[in-house]
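Me: I'd like to learn how to read a protein model feature by feature. Could you walk me through one?

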Amino acid sequence: MPIPTHLPRSRRVISAGGVVLRESSKGLEVLCITLKQGRVRSLPKGRVEAKERYAETALREVREETGIEAEVLAPLGKIRYYFTVHEPEGPSPVTKEVHYFLMRYRSGHPKPQLTEVEAVGWLPAQEALERLSYKNEREMLHKALEIFAHLKATSPSPGEEALP
């Protein structure tokens, strides 16, 4: 069997998303979305548009996919993964890079963007760590929880101006 001389070049997709946290009477909660007939639990994210900064994309995607307004507290880093899209001309490899941001809930009620997301809701942080479908997102959530705890521990006393 001959060795192929030309392999399809990987298409690169750049996205950004948010780990949105809120404090409630139930404790710390994480905003999660559900996809693929309920089989996938994930974090909100989407493609970066022209001239858009990663943090702007993350805020926009959180708002569009979930109906939630949030504010960015800190960058979390990026994850990269690979998959194949099956197109009429043959399989097309894709490299996807997602830049994540720690965010704090500001306002709104969860409402899924039904063209992209089946459901959206708040999960207790520990449950989200167990139920997110992808290991790299669970790791990003773990990092977000550590940074949030540090920010909370170093924030000013009540009545003082809080840092982001």
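Predicted model: local features only at pLDDT ≥ 70, side-chain atom pairs only at ≥ 80, totals over all residues.

Me: Let's begin with the fold. How many helices and strands does the protein have?

Reply: There are three helices and seven strands, and along the sequence they run β-β-β-β-α-β-β-β-α-α. For contacts with a separation of 6 or more, 71% join residues 24 or more positions apart.

Me: Which residues have the most contacts inside the largest nonpolar core?

Reply: The general idea is that nonpolar side chains tend to be buried together in soluble globular proteins. Here the largest nonpolar core has 21 residues, and those with the most contacts inside it are Val 19, Leu 21, Val 30, Leu 76, Tyr 100, Leu 102 and Leu 141. Strands E1, E2, E5 and E6 and helices H2 and H3 each supply at least two of its residues, with H3 giving the most, five. Take Val 19 as an example: beyond four places in sequence, its contacts include Leu 76, Tyr 100, Leu 102 and Leu 141. A second, separate core has 13 residues, among them Ile 68, Ala 70, Met 103 and Val 117.

Me: What does the side chain of Glu 137 reach?

Reply: Glu 137, which lies in helix H3, makes a side-chain polar contact with the side chain of Ser 42 at 2.9 Å. The side chain of Glu 137 also reaches the backbone nitrogen of Leu 43 at 3.1 Å. Other residues in contact with Glu 137 include Arg 41, Lys 45, Ile 79 and Tyr 100.

Me: How many aromatic pairs are there, and how do I read their geometry?

Reply: There are two. For each, look at the distance between ring centres and the angle between planes. Tyr 81 and Phe 83 have centres 6.1 Å apart and planes at 35°, so this pair is tilted. Tyr 105 and Trp 122 are edge-to-face, with 5.5 Å between centres and 90° between planes. That pair links distant parts of the chain, from Tyr 105 in strand E6 to Trp 122 in strand E7. Trp 122 is buried at 14% relative accessible area, whereas Tyr 105 is partly exposed at 22%.

Me: Which residue lies over the face of Tyr 105?

Reply: Arg 22 does, at 5.8 Å from the ring centre.

Notes:
Residues numbered from 1 in each chain as written. Heavy atoms only, no water. Helix = DSSP H or I, 4+ residues; strand = E, 2+ residues; numbered from the N terminus. Contact = heavy atoms within 4.5 Å. Core = buried A, V, L, I, M, F, W, Y, C linked by side-chain atoms within 4.5 Å. Buried < 20%, exposed > 50% of the residue type's maximum accessible area, 1.4 Å probe, protein only. Polar contact = N/O pair within 3.5 Å; in protein donor to acceptor, adjacent residues only side chain to side chain. Phe/Tyr/Trp six-rings, centres within 6.5 Å; stacked < 30°, edge-to-face > 60°. Lys NZ or Arg CZ within 6 Å of the ring centre and 35° of its normal.
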